Amino acid sequence: MTLFPTATYRFQFHRDFTFARACQLVPYLHQLGISHVYASPISRAAPGSTHGYDVCDHNELNPELGTREDFEALSAALKKHGMGLLVDFVPNHMGIEHAVNPWWRNVLENGPASPYAKFFDIDWQPLKRELDNKVLLPVLGEQYGKTLESDGFKLDYAEGVFVLRHGTHLTLPLAPATTLPLLQRAIRHMDPAPAELESIATAMRNLPPRTETDPERLAERERERGIIRERLVRLGADTPAVGEALQKVVEEWNDPTDPDRFDRMDALINEQPYRLSSWRVAGEEINYRRFFDVNTLAAIRMELPEVFDATHRLLLELIDAGHISGVRIDHIDGLAYPREYLTRLRERGGSGLYLLVEKILHTDEKLRADWPVQGTTGYEFASQVMQVLVNEEGIAEMAAAYEKFIGFHLDYAEVIYRSKKLVMQTSMAADANVLGNLLNRISESHRWYRDFTLNSLTTAVRELIACFPVYRTYVDPARPADESDVRVIRRALWLARRRNPALERTVFEFLQDVLLPPQDNAHPVDEELRRLFVLKFQQCTGPITAKGVEDTAFYVFNRLTALNEVGGSPAASAISVEAFHRQNAARAAEFPHCMLATSTHDTKRSEDVRARILVLSEMADEWKASLRRWHTANRRHRRSIEGEHAPDHNEEHLIYQTLLGAWPMEGLNDGNQAEFTRRIQDYMMKALHEAKVNSSWLEPNTAWDDAVRDFIGAILAPGKDNRFPSAFEPFAMRVAQFGMVNSLAQTVLKLTCPGVPDVYQGSEMWDLSLVDPDNRRPVDYALRQQRLEGVVRATSRDLMEHWQDGRIKLLITHRLLELRRELPEVFGTGAYVPVATQGVFADKVVAFERRAGSTSVMVIVPRQTVALGFPALGEVWQDTHVLGGDSSWRDAFTGREHAGGTLALSAVLAEMPCAVLVRRAAE
């Protein structure tokens, strides 16, 4: 087995795709050329989870995926074929929905006295004093009082404990001391009460209070609570009358005819270590850090050694046993000390562990060189490929057409700024408020700063985050800041000051001194609070940026939506072939085993959808004319809502680009029309709510949602009265043709550039999926296995004539994966050498060599081929050629031989749109 992967294949595990199913597919993946399966999280997740990121227990395999035996059978099958396993690990947060997480449930039962209270990032003394020593639980669909007085809560007793139930799914524990009156009530119902029940009540009365912080007393409390529970269960089994008395208490408590029941239930709930509220309260008042704005994902304090040890036992066990050879770390930016975490994991996992981080890099940002990892999960590579394929002049024309169509100018930097501000005013207001409150406490620690108001400090924090140019910095508050971090913070502060001339300048100067303290500070503040602020600030900027950019701005700025991708920028420009070469050379030198991805579970559109939409940059005039015709033809289907038309022009623009990207290969017909319509409708509902312009997740505008859904249904409806599909399809098919060339080009680049390519499940053939959950639809592996068996015998002509069936992409993927397995040195650590191109279409080619010793692989892919026509084969290349040296080359796809110092593309690209030429040592 290779030390590091030569190619990975991503599986999204869930209850309908299990370890056993993956095991069945191992021979297919081996035949395809894959070296490692790349698994979504495999730890126990929330019941029914379709993604696995809501981990409830890191140290147990998800039973919905199979047993330990099933997992080890998958591991054995991989080893049998010389393959390995790369797993996705979630260190930042845990799923807490319905309190199925045992640690979280313990926190809800015992509050700060829980041994797991410090595992979660909870502010037990927040600004809102009603939450002192309580955790806010925003789990109600209505306001608390309305829920209570609608009999929304019920007392219950089971397995030795009283619990609180809400609806059919939510069961909450009750603090032991608060259930003592219930136990005493049961005692009064028995005459006489068993001495054991009296003894249990006494033991419960003597439990240490939930505000106890002494570790020994906490351990004693936890031990005694377990014993009390066991005694009650045993007593109920031995003495049925005890169980009957306890159930009678429950019946009395829930008596719907008792006028005092609401006051009684309210008093009981108010005594708990949690405060129940409507889900709408979370945005402003939640006092535990979350994953982004997801209330059911609570952040954990991975910086604590005991938390690391408690969450990594199973992972390290599986690594030590040889079942896992690589780990992908999810949301590394959520951790307080990313470098220290990675160093600890590297030390425990060993130098041979293939270690990646999920990290979104800004255009000019580099992955930290002191992180002991092989690289990122490859978002930046997808962006680089798009930028080298897109047409720069066309982007400008698309921008002009976009602004003319929507009727106003959109500045992307302004969209980001406003989107991040919107997020901090709504779903993540609490995060900014926590920082403002903490900064205010720091200002109160020295007389020099105490006149700063809470409002001005919170405003300054919000403005700084809104202007932050990267996801986060990595300042260790106990050490001098890295120069790159200093530049980022100072630049963001300058932008924030510029946007807020009316806000007192000294507030920003104070904020700078907190984040970047001067060496000799004449006015030192509370250092412990300052360090805490720095850490929390850095943990907040990433999620707020993600929600503001990826989940808001990406759905607002719809110029050329292929560029609206994680790791990229909707306002990105094209890059030259030379710039692309420099990026590849830098990766080869710095992180040669970095993952290369073009489709992932997080991407907003699949690689093939994006490849199509990029074509519009080469067909801007046709796009503009078509856009006008479609708008005119379909305006009868728009609906007027309070003086505005739904969909608005920006949304309609997004709909047409989405249709072009996802239009079925076989065209729209009776067999696929209903499903395709539903998929586009579902996509647009998510797009509307993420954009937060005319509707949102927090405040859905159902009238607007319905209007957009009906618009899509109407324009895609079958029948002679609707001419749009037949008028749209010819243009869609032309876009699909050139999109196919783009898709093959990016596939070849991913499989040959420096790095480790990943194939997202099913994308070895055409995959026209949109954002999740659309990209988690079942994959037809039976078809892929059948096609792989036959594709090796297919002719180039046959593949080109029937390119819609996906075999051409499958062949290219298979041949290059085989080549990577045969030549690991060439693709693993081999040199990257740009190849010169000459001739009339020299700028339409990306060419380079990968070299190791006397073995060389030359890669030649086209770009921007609309000007050449379809298919871009043979003589259309005229005199264009590459300089190949005095060598003999064999094409990995066609088997044809090419010789000579000058390789004419009319010959090299005579049969296939791309070429990968091999010169081996023996040749």
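Helix axes are here lines fitted to C-alpha atoms over the stretch in contact, and the angle between two of them runs from 0 to 180 degrees between N-to-C directions. With that convention, in this predicted model, the axes of helix α24 (residues 620–634) and helix α25 (residues 649–662) come within 11 Å and cross at roughly 115 degrees.

**Helix α24 with helix α25**

- Angles of 65 to 115 degrees count as roughly perpendicular, and α24 and α25 are therefore described as roughly perpendicular to each other.
- The crossing in which α24 passes α25 is right-handed.
- On the α24 side the contact is made by Trp-623, Leu-627, Trp-630, His-631 and Asn-634, while α25 contributes His-649, Glu-652, His-653, Tyr-656, Gln-657 and Leu-660.
- Sorted by class, the residues in the contact of α24 with α25 comprise five nonpolar, five polar and one charged.

**Helix α28 with helix α31**

- Helix α28 (residues 724–752) packs with helix α31 (residues 807–822) at an angle of about 10 degrees, and the axes of the two helices are 10 Å apart.
- Angles under 35 degrees count as roughly parallel, and α28 and α31 are therefore roughly parallel to each other.
- As in the case of α24 and α25, the crossing of α28 and α31 is right-handed.
- From α28, the residues Leu-744, Thr-747, Val-748, Leu-751 and Thr-752 meet Ile-808, Lys-809, Ile-812, Thr-813, Leu-816, Leu-817 and Arg-820 of α31.
- The contact of α28 with α31 divides by class into seven nonpolar, three polar and two charged residues.

**Helix α6 with helix α7**

- The axes of helix α6 (residues 195–205) and helix α7 (residues 215–238) come within 10 Å of each other and cross at roughly 160 degrees.
- Angles over 145 degrees count as roughly antiparallel, and this makes α6 roughly antiparallel to α7.
- The crossing of α6 and α7 is left-handed.
- Glu-196, Leu-197, Ser-199, Ile-200, Ala-203 and Met-204 form the α6 side of the contact, and Arg-225, Ile-228, Arg-231, Leu-232 and Leu-235 form the α7 side.
- The classes represented in the contact of α6 with α7 are seven nonpolar, one polar and three charged residues.

- Three strands in the order β8-β9-β10 form an open sheet with antiparallel pairing.
- The edge strands of this sheet are β8 (153–158) and β10 (170–173), each of which pairs on one side only.
- Neighbouring strands of the sheet are turned against each other by 35 degrees on average, with direction ignored.
- Six bridges join β8 to strand β9 (residues 161–166) in the antiparallel sense, and within this pairing Leu-155 has Leu-164 of β9 as its bridge partner.
- Helix α8 (residues 240–253) packs on this sheet and touches β8 and β9, and the direction of α8 makes about 180 degrees with that of β8.

**The sheet β22-β25-β28**

- A further open sheet of three strands has the order β22-β25-β28, and its pairing is antiparallel.
- Its edge strands are β22 (837–838) and β28 (902–904), each pairing on one side only.
- The antiparallel pairing of β22 with strand β25 (residues 881–883) consists of two bridges, and the bridge partner of Gln-838 in β25 is His-881.

**Strand β13 and its partners**

- Strand β6 (residues 93–95) and strand β13 (residues 294–299) run antiparallel and are joined by three bridges, with Met-94 standing opposite Ala-298 of β13.
- Strand β12 (residues 290–291) also runs antiparallel to β13, to which two bridges join it, and here Arg-290 stands opposite Ala-298.
- The hairpin of β12 and β13 has two residues between the strands, and in it Phe-292 takes a positive phi near 55 degrees.

**Aromatic pairs**

- A search of the whole structure finds 41 aromatic pairs.
- One of them joins Tyr-28 and Tyr-781, whose ring centres are 6.2 Å apart and whose planes are at 65 degrees, so the pair is edge-to-face.
- This pair links distant parts of the chain, with Tyr-28 in helix α1 (residues 19–32) and Tyr-781 in helix α29 (residues 781–791), 753 residues apart.

Technical notes
Residues are numbered from 1 along each chain as its sequence is written. This is a predicted model: local features need pLDDT of at least 70, side-chain atom pairs count only at pLDDT 80 or more; totals for chains, interfaces and linings use all residues. Side-chain values use heavy atoms; hydrogens and water are left out. Two strands pair if DSSP finds at least two bridges between them. Helices (H or I, at least four residues) and strands (E, at least two) are DSSP runs, numbered from the N terminus. Contact means heavy atoms within 4.5 Å. A crossing is left-handed if the near helix is turned anticlockwise from the far one by less than a right angle, and right-handed if clockwise. Ala, Val, Leu, Ile, Met, Phe, Trp, Tyr, Cys and Pro count as nonpolar, Asp, Glu, Lys and Arg as charged, and the others, Gly among them, as polar. Rings of Phe, Tyr and Trp (its six-membered ring) pair if their centres lie within 6.5 Å; planes under 30 degrees apart count as stacked, over 60 as edge-to-face and the rest as tilted.
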